[in-house]
2 protein chains.
Amino acid sequence: MDTGDRLLTPGEVAALFRVDPKTVTRWAAAGRIGSIRTPGGHRRFRESEVRALLEGELEKLGETR
Amino acid sequence: MDTGDRLLTPGEVAALFRVDPKTVTRWAAAGRIGSIRTPGGHRRFRESEVRALLEGELEKLGETR
DNA sequence: AGTCAATGGGGTAATTTGGGCG
DNA sequence: TCTGTCCAAATTACCCCATTGA
């Protein structure tokens, strides 16, 4: 499985959780989710970590998507 | 199987059923409806599941829309 | 170089949560 | 048993505009 290194933008993560991109930024600032910074200061998130958070919740619904 | 449907907020689900958002929260807490949590603790609901529940009840009334 | 969508930062509404009460 | 409401605290959404990314 090599899906672990792909980076997601704040907007992509926000869409997965159905929240505002700004909210994802706050999660990063609060340390709830790890984030990488571009030289320009924009945040990027590891897909593996986001998937883990999301699917960790989805499994409670009995679906594998 | 790809059930990649959107997620709904408590308020949106409440509007569909014409109930108070608090009631939707109780449904989730009682396991009557599946729910996932944002890292901040807010609930999100699967549109497909909500629709299924809603349509299922509407059919009992012989309604198509 | 120049366009345009997305992001960051700051500040302010709106929503959600959880408990308890009726 | 199920639902609506009041409350305080926490989380999230929307507004601005300068900067970054593609």
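Reply: Contact means heavy atoms within 4.5 Å. Not counting residues up to four places away in sequence, Val24(A) touches Pro10(A), Val13(A), Ala14(A), Val19(A), Ile33(A) and Phe45(A).

This is a predicted model: local features need pLDDT of at least 70, side-chain atom pairs need 80 or more, and totals for chains, interfaces and linings use all residues. Residues are numbered from 1 along each chain as its sequence is written, chains are lettered from A and ligands numbered from 1 in the order written, and side-chain values use heavy atoms, without hydrogens or water.

Now the core. A nonpolar core is a set of buried Ala, Val, Leu, Ile, Met, Phe, Trp, Tyr and Cys residues joined through side-chain atoms within 4.5 Å. Buried means under 20% relative accessible area (1.4 Å probe, protein chains only). The largest nonpolar core has 14 residues. Val24(A) is among those with the most contacts inside it, as are Val13(A), Phe17(A), Phe45(A) and Val50(A). Helices H1 (10-17), H2 and H3 (47-58) of chain A each give two or more residues to this core. Helices are DSSP runs (H or I, at least four residues), numbered from the N terminus.

Next, the DNA. A phosphate oxygen of DNA strand D is 3.1 Å from a polar backbone atom of Gly40(A). That is a polar contact (a pair of N or O atoms within 3.5 Å). H2(B) gives the most, with 4 residues.

Definitions and conventions. Polar contact = N/O pair within 3.5 Å; in protein donor to acceptor, adjacent residues only side chain to side chain. Buried < 20%, exposed > 50% of the residue type's maximum accessible area, 1.4 Å probe, protein only.
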